[in-house]
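Me: I am new to this structure and would like to learn how to read it one feature at a time. Could you take my questions in turn, giving the general idea before the particular case?

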Amino acid sequence: MNVAVRQATATQRLKVVDCDIHPVYRTAAELHPFMSARWRDHMATFGTHFRHGLTGQLPYPRMMAAGMRVDAFPEDGGPPGSDLDLMRKQHLDANGVEYGMLIALSRGGMEERNLDFGAALSSAINDWQLECWVKKEPRLRAAIVVPQENAACAVTEIEKRAGDPAFVQIMISPRSSDPLGHRRYWPIYAAAERCGRPLALHVAGYSGGHPSTGSGWPTYYIQEHYAMSTGMQNTLASLVFEGVLERYPKLKIVMIEGGFAWLPALTWRMDKHWEHMRAETPHLKRRPSEYVREHIWFTTQPIEEPENPEHLGDIIKWIGWDRLMFSTDYPHWDFDDPRQVFKTRLTEEQKAKIFRDNAKAFYGLK
Amino acid sequence: MSRQVVALASEVAPGSCKIVSARGREIGLFKIAGEYFGLSNRCPHKGAELCRGMIVGLAQSSTPGEYRLWRPGEFIRCPWHGWEFDIRTGQSWCDPNSVRVRQFHVAVEPGAQLLKGPYVAETFQVRVEENYLVIDL
Amino acid sequence: MKVPFAGAIDCDLHPAMPSVPALRPYLDEFWADQFANRHIDQLPFTLSSYPATSPLSGRPDWRTASGAPAADLDALRRNVLDPLDLSCAICNPLHGAVALFNDDMAAALCSAVNDWMARELLDREPRLRASILVAGQSPELAVREIERTAPDRRFVQVLLLAMGETPLGRRAHWPIYAAAEKHELAIGIHAGGTYRVAPTYSGWTSYRVEDYVAQSAAFETQLLSLVAEGVFQKFPRLRVVLIESGFTWLPTWLWRTNKTWRGVRAEVPWVDRTPADIVREHVRFTLQPVDAPRTEPEMLLRTLEHMGSDRLLLFSTDYPHWQFDGDAVLPAGLPADTMRKILMDNPRDTYARLRDLPAAGGGPGKAEKEAS
């Protein structure tokens with residue numbers, strides 16, 4: 001459907017909550033107002049410092065436009081996702097977005113090896129989200145970016161933002177330096193629980209520095225893309241087996257852009273093998289699948305497309321109709337349009353849950 | 001059906017696409033080897049604006065590590081999920097549904113080694129009348 | 001449920017591995033001397049994926065008095081071959097030699113283990129077949145061992161571990177696949193690893209149960225490595241078996257990979273048909289572990305439907321690993337023809353070297369015979 005037609009029908013029919021929108025700064029200079037001179041200089045001289053071999057680009061080049069939709073480039077020359085007006089026209093208005101959750105994959109807290117710089121960047125990006133996006137567009141909400149490998153600093157940043165309802169969640173990359181269940185991250189979860197914010201796990205580049213598979217570095221982008229789902233599985237197992245979900249019973253977690261159809265098989269596997277190995281993890285009082293059922297939600301994009309669309313219905317039924325939340329990943333290339341995304345037959349009630357109500361409940365939105 | 005003048009022939013250059021509107025339809029116009037083609041601006045997969053994608057050749061290979069470009073400039077990649085469509089015929093080049101077929105039939109065309117998919121983007125015949133491009137809609 | 005008829009083929013059996021002193025007759029003079037004078041002959045060479053005392057490594061009723069998993073030839077006969085009335089079982093040697101960094105030492109041990117299996121197991125029990133143990137970290141030495149052992153047609157497969165240092169599809173590994181294809185040997189990729197890199201993409205897990213759960217994700221990425229790198233284009237007759245991998249993750253893999261491939265195809269243009277087509281033709285999965293809830297058989301049956309082919313599963317007990325209790329080796333609710341495929345037809349079709357097996361009767365199993 002073309003944009004013009006989309007806009008005409010949007011307000012009549014569609015109202016969605018989009019749980020994954022990526023704002024991008026035109027240049028790093030957009031962050032300058034939110035950084036001290038010391039860190040502006042550092043950024044200009046030393047720049048970001050990541051755990052891979054190239055500067056300013058990814059070692060697995062994307063298939064198009066740095067992983068963006070080719071039709072999402074603003075006319076004024078900035079990168080896709082940098083222009084609020086285009087985002088409104090092309091997406092928020094056109095697709096009936098009632099609320100959009102910003103996931104700022106800025107080269108900030110998640111990946112920076114210089115932890116002090118990471119803390120400064122995180123704070124700057126959080127200010128930038130507020131000033132340049134949320135304050136200008138009431139449909140948008142922000143996520144607290146934190147220097148996740150430095151738990152104490154991460155907690156400081158969380159507590160700084162906790163009073164501002166513009167921030168609806170805390171963003172962490174599951175591609176961390178240790179699996180996210182490790183105790184060194186627990187202060188972050190304690191802070192999340194204290195301030196009543198869910199965790200949003202969204203993959204970001206090369207945060208932790210480990211190969212993206214448990215058997216070494218892949219060769220092609222198709223493999224690197226796939227690793228987002230296996231990585232999310234590993235992360236979920238860590239959160240379960242390390243007892244994070246036992247220790248923080250009020251914690252809610254949304255897994256973003258990792259796929260979801262893998263969940264039933266993973267919970268079955270965790271339950272089965274935990275049965276024999278339970279003595280190893282006496283801190284778990286319940287089966288893995290029970291923890292997952294209570295604490296974990298998933299966004300829909302990139303939605304899996306079975307040859308027989310009804311098979312996806314089985315999967316969602318097994319996961320629970322209340323656990324999925326619609327997302328588009330705008331403006332990335334593998335965008336899901338709310339009108340087209342489900343080939344599986346859904347009832348109106350199921351659509352309402354997935355496109356809107358589950359997210360409203362999760363985020364406490366009206 | 002009525003004859004719609006959609007553009008000046010000179011407005012459509014090789015390697016680029018001009019998107020025009022005619023009778024409520026958006027159509028991308030292309031010029032390949034002196035001929036004009038029209039493709040619906042709607043991807044049959046998930047409805048993206050197909051014609052705003054990149055114009056490419058089709059990557060082919062007969063063995064890992066070998067790379068060939070087939071018919072440069074004659075395919076368009078959808079800007080969303082990257083599916084490749086033959087501009088001349090609208091035919092998609094990756095078949096997601098072939099898995100049902102045990103013995104699959106490869107459409108043999110010179111250089112073509114991919115299974116043709118069932119997704120076809122809607123095409124329009126473009127006629128040249130003097131300096132104008134015309135489509136019957 | 002029990003195996004309903006005689007003649008099934010078990011595609012994953014783990015005989016107890018010989019100690020280094022027991023390998024002495026099969027080592028050349030240099031290595032025999034080295035192992036003695038460096039006291040390497042006192043080392044157990046147990047893979048950390050399967051420590052002997054871990055619950056996974058041995059079902060409680062399949063252990064010796066001293067607590068070790070019971071897997072000498074007598075135990076294999078008593079607990080698996082005879083009661084299940086198998087026509088054949090494939091021995092997959094899980095030996096720590098492959099985790100050594102000294103490739104030559106690893107290869108020497110692998111050769112000795114293969115010779116030991118041929119003499120001590122295959123010669124003494126005609127129902128047994130085996131996988132060739134190789135030092136996968138050195139394709140050159142692995143190929144040398146494949147060439148040396150391949151003439152013994154009781155070796156039906158080459159064994160690699162699921163979690164090594166580089167993904168198995170990478171071209172450096174291809175000489176192994178070339179040799180396997182040439183000799184009509186399947187490639188068996190078995191759960192476990194050498195821990196050269198962290199087992200997950202965010203680093204080192206704390207618990208063994210986590211490591212084991214993470215195997216299925218590793219298999220997903222290995223499968224994609226093989227497909228994306230074009231291993232099946234380069235070696236069109238190759239068959240790969242994922243062993244002790246779980247399989248209920250497969251439908252999602254097929255759906256996701258097909259979808260992504262359509263958009264990223266140009267980077268791997270030799271992949272000339274859908275990844276799902278490639279997997280359904282070239283790849284098989286052993287039955288155990290069945291990662292599905294026993295109390296809800298409908299979920300497994302639906303998952304089998306999602307897999308889109310009844311040719312993919314190969315019967316296995318994974319003896320003596322603890323994957324099922326009693327004689328419940330088969331999941332409940334399988335239709336009879338599906339069971340037959342899993343138990344007999346699929347293994348035969350997968351392993352070219354099992355063509356020599358006499359056609360199995362498919363008559364009542366021992367247990368049924370005794371009951372009636």
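Me: In what order do the elements of chain B run from the N terminus on?

Reply: Please keep in mind throughout that this is a predicted model. Reading chain B from the N terminus on, the elements run β-β-β-β-β-β-β-β-β, and the secondary structure of this chain comes to zero helices and nine strands. Buried residues make up 41% of the 137 residues in chain B, and 49% of its contacts with a separation of 6 or more are between residues 24 or more positions apart.

Me: How many helices and strands does the secondary structure of chain A come to, and what share of its residues count as buried?

Reply: Chain A comes to 12 helices and eight strands, and 55% of its 366 residues count as buried. For chain A, residues 24 or more positions apart account for 82% of the contacts with a separation of 6 or more. As to overall dimensions, the C-alpha atoms of chain A fill a box of roughly 60 × 50 × 45 Å along the principal axes. A compact globule with 366 residues would have a radius of gyration near 21 Å, and the 20 Å of chain A agrees with that.

Me: How should I read a strand, and which strand is joined to S1(A) by four bridges?

Reply: The general idea is that strands of a sheet pair through backbone hydrogen bonds, either parallel or antiparallel. Here, strand S1 (residues 16-21) of chain A is joined by four bridges to strand S2 (residues 97-102) of chain A, and the two run parallel. Within this pair, Ile21(A) stands opposite Leu102(A). Six of the six residues of S1(A) are buried, so this strand is largely enclosed by the rest of the structure.

Me: What is the order of the strands in the open sheet of chain C, and which strands stand at its edges?

Reply: The open sheet of chain C has eight strands in the order S1-S2-S3-S4-S5-S6-S7-S8, with parallel pairing. Strand S1 (9-13) and strand S8 (313-314) of chain C stand at the edges, and because each has a single partner strand, one side of each is left without a neighbour in the sheet.

Me: How do I read the sides of a helix, and which residues of helix H6 of chain A are buried?

Reply: An α-helix has 3.6 residues a turn, so residues three or four places apart point the same way. In helix H6 (residues 186-194) of chain A, the buried residues are Ile188(A), Tyr189(A), Ala191(A) and Ala192(A). Seen down the axis of H6(A), the buried residues fall within an arc of 160°, so they line one face of the helix. They pack against helix H5 (151-161), strand S4 (167-172), strand S5 (199-202) and helix H8 (244-247) of chain A. Just after H6(A), Gly196(A) takes a positive phi of about 65°.

Me: Where does Met68(A) lie, and is Met68(A) buried or exposed?

Reply: Met68(A) lies in the loop between helix H2 (37-45) and helix H3 (84-92) of chain A. A residue counts as buried if 20 or more other C-beta atoms lie within 10 Å of its own, and Met68(A), with 21 such atoms, is therefore buried. The C-alpha atoms of Met68(A) and His332(A) are separated by 4.1 Å, although these residues are 264 residues apart along the chain. Leaving aside neighbours within four places in sequence, Met68(A) is in contact with Pro79(A), Pro80(A), Pro331(A), His332(A) and Trp333(A).

Me: How many residues does the largest nonpolar core have?

Reply: In soluble globular proteins, nonpolar side chains tend to be buried together. The largest nonpolar core here has 257 residues, and those with the most contacts inside it include Ala143(A), Leu29(B) and Val113(C). Helix H7 (residues 208-228) of chain C gives the most to this core, with 12 residues. Among the residues that Ala143(A) touches are Met101(A), Ile103(A), Phe167(A) and Ala200(A).

Me: How many residues of chain A are in contact with chain C?

Reply: On the chain A side there are 57 residues, in contact with 61 residues of chain C. The largest share of that side of chain A, 15 residues, comes from H7(A). By class, the side of chain A that touches chain C has 22 nonpolar, 24 polar and 11 charged residues.

Definitions and conventions. Residues are numbered from 1 along each chain as its sequence is written. Chains are lettered from A and ligands numbered from 1 in the order in which they are written. This is a predicted model: local features need pLDDT of at least 70, side-chain atom pairs count only at pLDDT 80 or more; totals for chains, interfaces and linings use all residues. A residue is buried if 20 or more other C-beta atoms lie within 10 Å of its own, exposed if 12 or fewer, and partly exposed in between; C-beta atoms are placed from the backbone. Two strands pair if DSSP finds at least two bridges between them. A nonpolar core is a set of buried Ala, Val, Leu, Ile, Met, Phe, Trp, Tyr and Cys residues joined through C-beta atoms within 7 Å. Two residues are in contact if their C-beta atoms, placed from the backbone, lie within 7 Å. The arc is that of the directions from the helix axis to the C-beta atoms. Ala, Val, Leu, Ile, Met, Phe, Trp, Tyr, Cys and Pro count as nonpolar, Asp, Glu, Lys and Arg as charged, and the others, Gly among them, as polar. The radius of gyration is taken over C-alpha atoms; the globule rule is 2.2 Å times the number of residues to the power 0.38.
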